Amino acid sequence: MNNNMKISPSLFAADIFDLKSQIEILERNKVDLLHIDVMDGNFVSRMAFGAEHIQMIKKHTEIPLDVHLMVKHPERHISDILEAGADIITVHQESTTCLYHCLEMIRKKGRMAGVVLSPATSVQNIKYVLSLIDMVLIMTVNPGEKNQVFLFDMINKIKEVSELLENKNIDIEVDGSIDDKTAILCQSAGANIFVSGGYIFNNDIEQQIIKLQHALKIKNKI
Ligand code: ZN
């Protein structure tokens, strides 16, 4: 279990017209990562954030960008996303027939690479790419939709991934309906990076981050 706990607020839930000031609040509260969902309207039904947006965000913040690709054929987009300034790129196992190649593309540029597992995807699918990843992202809802119910079955999956990774220096990230309660359950199972969207952005952002940091026993670094 990686004990370096991190919060990665998901900009998909942010107010796009107020993004700059919202990111400033996140910076003030020293969040560790910014989670950016790239959606193509094909792998998932919604569309969100492309390489141009990532490039704009990169210009305005020092917070490392944690980019989650929810696109078909990610191998066609990875170069642009790397060029735009992504620090971490995670790729869905279900989205490509050349996962190994995708991860190599990211690693070759010196960025961090990860595999995403949708809820029904078996943990065994990451067994042969462990040497190429820095992170496993476990979806705790179905990808691509807002306001979904947390899938409690995923707690066992986090445990299973945690056991598979043993003492490897690989982060376990969780994404989907993460609040101060579900985060604790995921943390106990072995997760150490927490993507949170609506919980943070639909309320007082600063208060929500402090609540999440408190639940996860992360010291607010202000
Ligand atoms: Zn995501």
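These points cover the zinc site, the sheet and an aromatic pair in a predicted model.

1. The zinc ion takes its protein donors from His35 (NE2), Asp37 (OD), His68 (ND1) and Asp175 (OD), at 2.1 to 2.2 Å. Angles among the four donor atoms run from 90 to 168°, and the site is irregular. Water is not among the atoms, so the site may look incomplete.

2. Along the chain, the donors of the zinc ion have the spacing H-x1-D-x30-H-x106-D. Histidine 35 belongs to strand E2 (residues 34-40) and histidine 68 to strand E4 (residues 65-70), so this pair ties together parts that are 33 residues apart in sequence. Histidine 35 and histidine 68 are both buried.

3. The sheet is open, with nine strands in the order E1-E9-E8-E7-E6-E5-E4-E2-E3 and mixed pairing. Its edges are strand E1 (6-9) and strand E3 (47-48); each has a single partner strand, so one side of each lacks a neighbour in the sheet.

4. Strand E8 (residues 171-175) and strand E9 (residues 193-196) run parallel and are joined by three bridges. Valine 174 has phenylalanine 194 in E9 as its bridge partner.

5. The count of aromatic pairs is one. Ring centres of phenylalanine 150 and phenylalanine 152 lie 5.0 Å apart with planes at 70°, so the pair is edge-to-face. Phenylalanine 150 is buried, at 6% relative accessible area, whereas phenylalanine 152 is exposed, at 52% relative accessibility.

Conventions. Residues are numbered from 1 along each chain as its sequence is written. This is a predicted model: local features need pLDDT of at least 70, side-chain atom pairs count only at pLDDT 80 or more; totals for chains, interfaces and linings use all residues. Side-chain values use heavy atoms; hydrogens and water are left out. Donors are N, O and S atoms within 2.8 Å of the metal (3.2 Å for Na, K and Ca); water is not among the atoms, so sites may look incomplete. Four donors count as tetrahedral if all angles lie between 85 and 135 degrees; four count as square planar and six as octahedral if opposite donors are over 155 degrees apart and all others between 65 and 115; anything else is irregular. Helices (H or I, at least four residues) and strands (E, at least two) are DSSP runs, numbered from the N terminus. Buried means under 20% relative accessible area, exposed over 50%, partly exposed in between (1.4 Å probe, protein chains only). Rings of Phe, Tyr and Trp (its six-membered ring) pair if their centres lie within 6.5 Å; planes under 30 degrees apart count as stacked, over 60 as edge-to-face and the rest as tilted. Two strands pair if DSSP finds at least two bridges between them.
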